[in-house]
Amino acid sequence: MYRMLYPKIEMKKILIVLVFTVLHIEAKEVTFTEHVAPIIFQNCTSCHRPGESGPFKLMNYNDVSKRGKLIARVTEDRVMPPWHAQKGSIKFHGDRSLSDTQITTINKWVETGMPEGDPSKLPNLPKFVTGWQLGEPDLVVKMAEPFPVPAAGRDIYRSFVVPLNLPKDKWLKAIEFRPDARTVVHHCLFSYDTTGEARRLDKREKSPGFRRMRRQGTGIGQLGGWAAGGQPNKLPEDLAWRLPSNADLVLAMHYHPSGKPEKDQSSIGLYFTDQPPKTAFTGLQLPPVFGALSGIYIPAGEKAYTVRDSFTLPIDVEAFAVSAHAHYLGKKLSMNATLPNGKQLNLLNIPDWDFSWQEQYHFEEFINLPKGTKLESTVVWDNSSSNPNNPSVPPKPVRWGPESEDEMGSLTLLCRPGKGESFSTLTSLYRKHISETGVRTARQRAGRIRENNIDDRLNAFFKRTDRNGNGKIELDEAPNWMKASFARSDTNRDKTLDFGELKAATERLRNRNR
Amino acid sequence: MGKKSLTVLIISWLAAFDLTGQIVKTELTIKDVSGKSIKPFSEAKPSVLIFTTYDCPVANKMVPEIRHIANSYQGRINFLLVYTDPDTSQNELTTHRKDFGLNEITSILDSKHNLVKATGAEITPEAVIVKKGKVLYRGRINNFYEDFGKPRRVVTQHDLRDAITAVLSGKKVPQPKGECIGCYIPKLK
């Protein structure tokens, strides 16, 4: 009975609030100076002003009224301001999303002809910091040379190594990124490298930068990232990254062609502290290794391929940030916590993932998650043709991989151990979770292979290898071990292998081995 | 949905499409950005107009396709780029045309919205095809933008190219298959 009543009461409450809101707005004219300017100045102008990422400025009545209809539409669609985390009980630092009331106000203003209103009511523009948002950095470095971005074509992913030449190990509080060619730089992920791998890869390629880091692990560490529209964050309280003296900074950049050729040579500011932190912190990534061990295989056309992972905390932790990562096909990403007392906390929910806006979401305050809390993450991919982000038309089966047209997917919770708790208990149990994930996937895969007959396996291999999906395996699609016998297997001499030819070759091989 | 709202929907739908088939004055004469007098609609060749502003990011991302269309139908169509923001300075215009490689394309600063009003264009980058004084096509260039903030990885429909090809071969002109996404052209004060 209670359950039946509860939603009704809620609905009534909501209706009353709505009616009052509408009446309140109806009661007087919505004007720019009194109602709209405060919303725009607080939430839009930090980027929409000269020298920042917004494509045009929104600083006065003329700027805003000229684009009123567009602003009404993109705010209603929640495309702007860019912020993809759904509003929940947890507050994020620097949340740029508008409230429903603010969106209604803008709409109402546009519908009623965008009156300017009493000029004396116009608020002052906020005092925007020009240049470095976190103040003068302790160290400023720059990409070694400009990287050319053409006018058109696919997005570009490029990594750059920036030597830091630190005199000694440093404690790093924050990194601030200042994009140079603002219309094309979309996001940048930072890491450090003490292995020399980045320098080697950089030297190997002629044009500036290199494709991507291959190695992970010892000597390489993630340092967060920047996305257009995002504000830099200092690590909270006394937390800091340890940056070894021999570390190079590595920038993994995502460029969007803008319609005109550009050259980018972005700058990075580093903020240090002399005070060593009292505790270390770590990232709990679910599923681990960006999903590499979860056996991700997304069939072509699959609308909601889902991977879930969970981890139960062995100690009390204090969480301070959460981030999500997936590639083009990512659709929904979320992380929930179930506390030992049964209370549910939604730590991050991105209902409409957009690869272009990678962001680290910092909680306004530390969140205490006691020992026994179950963290659960869900990643959903959409590999159907109705996903405009699908890089393949028609869709192709997609596996886990580092290229943007492969897929990854995971959520990471950044946390430190609670007071008096052991950091190593947390990290060793998390490492165990990583290896268990790998073992489970391997077992499942082995089971599947035993069940399938040989034709299915051959079919799957054929589809996987036929990357361009034309029903034939070209020489450059063939794995190395196949290349040696390619010409022999190509019985009709058309420089490709069709399924029949592949099957005949396999039969030959099996007969020979008997 | 009630009968009434359905009727309203149909009427508004008809109203939205009734600008195709609109008649424009072929004798209209305007000056292009270099100061040369041109008659945008008078030629025997069909006119293709693209409406833009120097700072609309959606329109700017479409520039490579705009240049591609101007080049591939060169000599067969009368191709015009129409800047619609009356606040555009001479310097902004010159810089934009140079940076985006648009110097070869006949461009007009339509400060009085003569062409906007004549064709019914509402959005940048919207395309209009006019032949013998009649609007035959008005709408998106292609399906690069599925929606605001949602560019496609792969363009799968080339609405404008298909329409131009049909006009040139005298076939029935296919109409846009989806909404034109971009910046709204503001009404003149």
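Two strands pair if DSSP finds at least two bridges between them. The model is predicted.

**A sheet in chain A**

Four strands of chain A form an open sheet in the order β13-β18-β15-β16, and their pairing is antiparallel. The edges are β13(A) and β16(A), each of which pairs on one side only. From one strand to the next, the twist averages 15 degrees. Strands of a sheet pair through backbone hydrogen bonds, either parallel or antiparallel.

One pairing can be followed down to residues. Six bridges link β15(A) and β16(A) in the antiparallel sense. Here N336(A) stands opposite N346(A), which belongs to β16(A).

| Strand (chain A) | Residues |
|---|---|
| β13(A) | residues 305–312 |
| β15(A) | residues 330–338 |
| β16(A) | residues 344–350 |

**Chain B**

Chain B has 189 residues, and 40% of them are buried. Its secondary structure comprises six helices and eleven strands. Consider the contacts in chain B with a separation of 6 or more: residues 24 or more positions apart account for 70% of them.

**Where the chains meet**

How many residues of chain B are in contact with chain A? There are 20, and they touch 21 residues of chain A. On the chain B side, α2 (57–61), α3 (63–72) and β11 (183–184) each supply at least two residues. The largest share, three residues, comes from α2(B). By residue class, this side of chain B divides into ten nonpolar, three polar and seven charged residues.

Conventions:
Residues are numbered from 1 along each chain as its sequence is written. Chains are lettered from A and ligands numbered from 1 in the order in which they are written. This is a predicted model: local features need pLDDT of at least 70, side-chain atom pairs count only at pLDDT 80 or more; totals for chains, interfaces and linings use all residues. A residue is buried if 20 or more other C-beta atoms lie within 10 Å of its own, exposed if 12 or fewer, and partly exposed in between; C-beta atoms are placed from the backbone. Two residues are in contact if their C-beta atoms, placed from the backbone, lie within 7 Å. Axes are lines fitted to C-alpha atoms, for helices over the stretch in contact, and angles run from 0 to 180 degrees between N-to-C directions. Ala, Val, Leu, Ile, Met, Phe, Trp, Tyr, Cys and Pro count as nonpolar, Asp, Glu, Lys and Arg as charged, and the others, Gly among them, as polar.
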